[in-house]
Amino acid sequence: MSFKKRMLKQRIAFLSLSIVSIGILFAIGSIFALILVNGLGVLNWNFLISITSFDFKGVTHGGIGPAIAGTFMVTGLGLVFAVPVGILAGIYLSEYRSKGKIFNVLRMMVANLAGVPSVVHGLFGLAVFAVLFKFGLSILSSALTLSILALPIIIMTTENAMRDVPNDLREASYSLGAKKWQSALLVVFPVAASKIMTGVILASARIAGETAPILFTGATLYLAHYPTAINQQFMALPYMIYGLMTTSINISASTNFAYGIALVLITLIALMNIAIVIFRSKTRKNS
Amino acid sequence: MDVDLKIENLSVYFGQKQILDSISFEIPARSITAIIGPSGCGKSTFVRTINRMNDRFDDFSHKGSIIFDGKDVLSNDYPVEELRKKIGMVFQKPNPFPKSIYENVVFGLKIHGVKDRKILDETVKSSLESASLYDQVKDRLSMNAYKLSGGQQQRLCIARALAIKPEILLLDEPTSAIDPLATKQIEEVLEQISKEITILIVTHNIQQAARIADYIAFFYMGKLVEFSKAEKILNAPNEKLTDDYLTGMYG
Amino acid sequence: MKNIIDRIIFVSGWVSIAIIVAITFFLFYNWIPLFKTASPIEFFFGTLWYPTAIPPFYGILPLLDATVWISFLTILITFPSAFVLAIFITHVAPKRLRYFLKIFLEIFSSVPSVILGLIGLSIVAPYFQSVLNMDTGQNILNAALMLSLITIPMPTSMMEDFISAFSPEQKEGAQALGANEFETLTKVIIPGLKGPFASIAMLSLGRIFGETMIVLMVAGNAAIFPTNIFQPARVLSSTIAAEMGETPVDTPHFYALFGIGAVLFVMTFLINIIGEVIRIRYERQMMKG
């Protein structure tokens, strides 16, 4: 084949690649655009803070205040459980590892935990937190369920962040008589902290948007007030989208409402992602 | 001659590979002993064995003993944190913590439970003075140590090691990563502190050994070829191997 | 010598295994009582899923069948798309754009699946029905499309990592022989990445398999054996989500749903393990080579 022909082949190949890629990217972009356009129409201050109500035809009125509060509460509480355990587990995998298969098995189990379908987590949460521990259908049960989802994400980022810390800092602290945990927590962890932070934000973005794990562990479609205690059922943004789209009588009105919620949810998650990008560029500059 | 460390028949292995072969000699107290030898002769492994930095490698194993204060520091009964408190170490590359100068120096004290602010402040001053760094940094103790120059960082590492009042200080080629001027300053520091502390320094630089060492041990292929007063080794070595090395036959 | 902090760290390190064991235990613990009502053969090979009928039927075969259909179709769309996108990002897109594309995909990957469900239900389904004249817009194709969209970022970024991690020496070797960029890609890079691509396919499949909300919202929820992709269907995961809320604790229906959970868990577990093993084996080969 002549040089010209080969270059032509490359051109055609790359051109068709580009067309397909731009098509996919366009599809993804249009999802953002659709949510923005459809959601902006419903969005106002009242929508964000007031309580939801339904009229006799099943049309949704009011706002999503309790759902925003509920999502914040389960996510926050879930992190309270997941962050300490996840970080310590990541530290264990990175600092306490020794040769031998057992650590590879442990690591693989973390990856597997990350791959467990979220609806299975929901079943587990129902069986253990709601029924066995008698926490009932509540913010607490849902938060605990979500914390199990967040756990592997936090463990994996912590392990990688700790491993990236140069070894000579560990040697320096050991040479001063530091014990393993002192070296890990006082020297290595502070260096890895900002990278670990990105993992924590990633985990919160993930659990804030989950529906299946809270579906039968505590979320409810309608609550006449803001949540006040962790043993109550709660409204949540993702669950509300699902509920409005599948149980409503007046589809077109609830669709608009659902887009408003989707816009709020996506904005929240996008903000978290932007925080991650900023954190990352900062750590890059420092090292 | 006071003896500080007694090495008895020390052999070190990494997996199947033997790195050190039946080393025996006695390190005199409050003096500078330099360990010289071509790269790969095991000199670095030797000092890292003394404060048990090699313990964390899974395939590390040893025979023989190192007697310090009448006890074998290599035995598992000897608490390794206590050992490292008494035998400090400075590494090849300066490795300050990414913390303030102050926090670097007090780190050792803090992990050993010292909380008294007054003691901490005093130790920072005296340790930095010993490392002749105090005058340069006294007004910016809260500055991040990473902002110091390479030579200053290494002197900070010396100050950090001195802060917990070790009886022995091990230095593993401490000047190989810094410039000549900073090297000179560090050598002066070492000569100064050797009046109170036993110093064991690994160096690949014969001139450096000649400048500061009271005693020299020459290692070759994992074996101790010769150990004696510095002048003796440098001027009239017993072994031909030592002579060959000193005259630059190999390096 | 272990002190209290070492112990806390140790225990935390083993929590993930403990959770996996606990999940396994509770799924099976709540599944086994079903066998008093329906035999394992009825459960696995029964062709009817009518858990609330009288008498009830607890056969998961139609659900399993639909799961395989949808997952297969989705991976068929996702994998080549991710592949094309990965090459586009690493080889075609201008350097400046690359960084933004990566961030764009990353943000999209954290979009909750329920939002794709919303799009599928409110935009794609009516379009299918009114413009393309399908019987129903809530069908296998719709679900597979939405599932593909949400899955694409993961394999794309994994492939991208592998393609750009390809050693420059090997690339230069081909280029020194006169190969252009496209030829280097097709003749050197891609054949060298069979292992990781197999692993990426498995890991994506594991993800698709367990995804619940999209299928629940847009696949039409009919527990039948689909014969083409324009029919509605109901998969394992969405069955649990749809029915568990209205199922009383400790009834055969409750046990059956845990049984579905157990099946789902074991299958994704195996898929993920296979994916991981392929990946580890490949990495080991690379380390040797």
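Reader: What is the area buried between chain A and chain C, and how much of that area do carbon and sulfur atoms give?

Author: Chain A and chain C bury about 6700 Å² between them, and carbon and sulfur atoms give 81% of this area. Buried area here is the accessible area (1.4 Å probe) that two parts lose on being put together, summed over both. This is a predicted model, in which local features need pLDDT of at least 70 and side-chain atom pairs count only at pLDDT 80 or more, while totals for chains, interfaces and linings use all residues. Residues are numbered from 1 along each chain as its sequence is written, chains are lettered from A and ligands numbered from 1 in the order in which they are written, and side-chain values use heavy atoms, leaving out hydrogens and water.

Reader: Which chains touch, and what makes a contact?

Author: Contact means heavy atoms within 4.5 Å. Two pairs of chains touch, and the pair with the most contacts is A and C. There, 77 residues of chain A and 79 residues of chain C take part. Chain B has 25 residues in contact with 19 residues of chain A, and these two chains bury about 1800 Å², with 60% on carbon and sulfur atoms. Chain B and chain C have no contact, and their closest C-alpha atoms are 9 Å apart.

Reader: Why do C:Glu106 and A:Arg280 count as a salt bridge?

Author: A salt bridge needs a side-chain nitrogen of Lys or Arg within 4 Å of a carboxyl oxygen of Asp or Glu. The N to O distance for C:Glu106 and A:Arg280 is 2.9 Å, so the pair meets the rule. Chain A and chain C have two salt bridges between them, and the count over all chains is 24.

Reader: How do you know that B:Arg48 and B:Arg56 form salt bridges with A:Glu171?

Author: The closest N and O atoms of B:Arg48 and A:Glu171 are 2.6 Å apart. This pair crosses between chains, from helix H1 (residues 43-50) of chain B to helix H7 (residues 167-175) of chain A. For B:Arg56 and A:Glu171 the N to O value is 3.6 Å. Both values are within 4 Å, so both pairs count. Chain B and chain A have three salt bridges between them.

Reader: What counts as a helix or a strand, and how many has chain A?

Author: Helices (H or I, at least four residues) and strands (E, at least two) are DSSP runs, numbered from the N terminus. Chain A has 11 helices and two strands.

Reader: Why are helix H3 (residues 61-92) and helix H6 (residues 140-151) of chain C called oblique?

Author: Their axes come within 8 Å and cross at roughly 50°. Axes are lines fitted to C-alpha atoms, for helices over the stretch in contact, and angles run from 0 to 180 degrees between N-to-C directions. Angles under 35 degrees count as roughly parallel, over 145 as roughly antiparallel, 65 to 115 as roughly perpendicular and the rest as oblique. A value of roughly 50° falls in the rest, so H3(C) is oblique to H6(C). The crossing of these two helices is right-handed; a crossing is left-handed if the near helix is turned anticlockwise from the far one by less than a right angle, and right-handed if clockwise.

Reader: Which residues make the contact of H3(C) with H6(C), by class?

Author: Among them are C:Trp69, C:Ile70 and C:Leu73 of H3(C), and C:Ile140, C:Leu141 and C:Ala143 of H6(C). The classes are 10 nonpolar, four polar and no charged residues. Ala, Val, Leu, Ile, Met, Phe, Trp, Tyr, Cys and Pro count as nonpolar, Asp, Glu, Lys and Arg as charged, and the others, Gly among them, as polar.

Reader: What makes helix H5 (residues 118-132) of chain A roughly perpendicular to helix H1 (residues 4-29) of chain C?

Author: The axes come within 10 Å and cross at roughly 80°. That angle lies in the range for roughly perpendicular, so H5(A) and H1(C) are given that name. Residues that meet there include A:Phe124 and A:Val128 in H5(A), and C:Ile23 and C:Phe26 in H1(C). This contact has 10 nonpolar, one polar and no charged residues.

Reader: Why are helix H1 (residues 3-40) of chain A and H3(C) also called roughly perpendicular?

Author: Their axes come within 9 Å and cross at roughly 115°. H1(A) and H3(C) are therefore roughly perpendicular, and the crossing is left-handed.
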